[in-house]
Amino acid sequence: MEFQRITSLSHPLFDETWRVYEQSFPASERRTREDHLRALEDAAFHACAAVENGLLLAIVFYWQTEAFTFLEHLAVNPPMRGTLCGTRVLQKLFAETPAPLILEIEQPTDEATRRREHFYERLGFTLQPYPHGAFAYQARTVCVPLCLMARPAITQAQYEAFHRFFTGHVLTYTAYRQ
């Protein structure tokens, strides 16, 4: 498996990764196409297609800083679900990026969200005790309360650095742009 970084609309996998992105996340949790294209120009943003034998296995969109990696979106291509692709993608990300790895999940309140939490726990992530607001990525959408998981657990100071980066940088490529 390899990660192919998509840096523009002209990448041959752009349309296919965009389709998986739109199918996998509600509007409140994903960028508009315009905001996504702007984010692609940011050196810290890695929009990657996990590809093997010419097939798109998954999308993995993350932000890389010196202090942490923020896994913003991970989605397995629907025909590949149930084949351990998500686990393999995360294992590759663990090998290629410095710790800690931080991600958001919906608050685990039902079977589907608890299953997602347990998936990440099996890979070494733990829920973090720090408050994380609800931020709708697109205007006129409903915010979904999210919580943070990290591998390994992060300190209060690391959380504060993450929160500053998230609100001051990541959100500028959403409806929160200035």
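The model is a predicted one, in which local features need pLDDT of at least 70 and side-chain atom pairs count only at pLDDT 80 or more, whereas totals for chains, interfaces and linings use all residues. Residues are numbered from 1 along each chain as its sequence is written, and side-chain values use heavy atoms, with hydrogens and water left out.

The buried residues of helix 4 are Thr113, Glu117 and Tyr120. Because they cover an arc of only 65° around the axis, they fall on the same side of helix 4, the arc being that of the directions from the helix axis to the C-beta atoms. These buried residues pack against strand 4 (69-76), helix 3 (85-96), strand 5 (101-106), strand 6 (126-127) and strand 7 (146-151), with contact meaning heavy atoms within 4.5 Å. Helices (H or I, at least four residues) and strands (E, at least two) are DSSP runs, numbered from the N terminus. After helix 4 comes Gly124, whose phi is positive, near 100°.

Seven strands form an open sheet in the order 1-2-3-4-5-7-6, with mixed pairing, two strands being paired if DSSP finds at least two bridges between them. Strand 1 (2-5) and strand 6 stand at the edges with a single partner strand each, so one side of each is left without a neighbour in the sheet.

Strand 1 and strand 2 run antiparallel and are joined by four bridges, with Glu2 opposite Val51 in strand 2. Strand 2 pairs with strand 3 in the antiparallel sense as well, over eight bridges, and His46 has Tyr62 in strand 3 as its bridge partner. The hairpin of these two strands has two residues between them, and there Asn53 takes a positive phi near 50°. Seven of the eight residues of strand 2 are buried, so strand 2 is largely enclosed by the rest of the structure.

Strand 4 and strand 5, by contrast, pair in the parallel sense over three bridges, and Leu71 stands opposite Leu103 in strand 5. Helix 4 packs on the sheet, touching strand 4, strand 5, strand 6 and strand 7, and its direction makes about 165° with that of strand 5; such angles run from 0 to 180 degrees between N-to-C directions, and axes are lines fitted to C-alpha atoms, for helices over the stretch in contact.

How values were computed: Buried means under 20% relative accessible area, exposed over 50%, partly exposed in between (1.4 Å probe, protein chains only).
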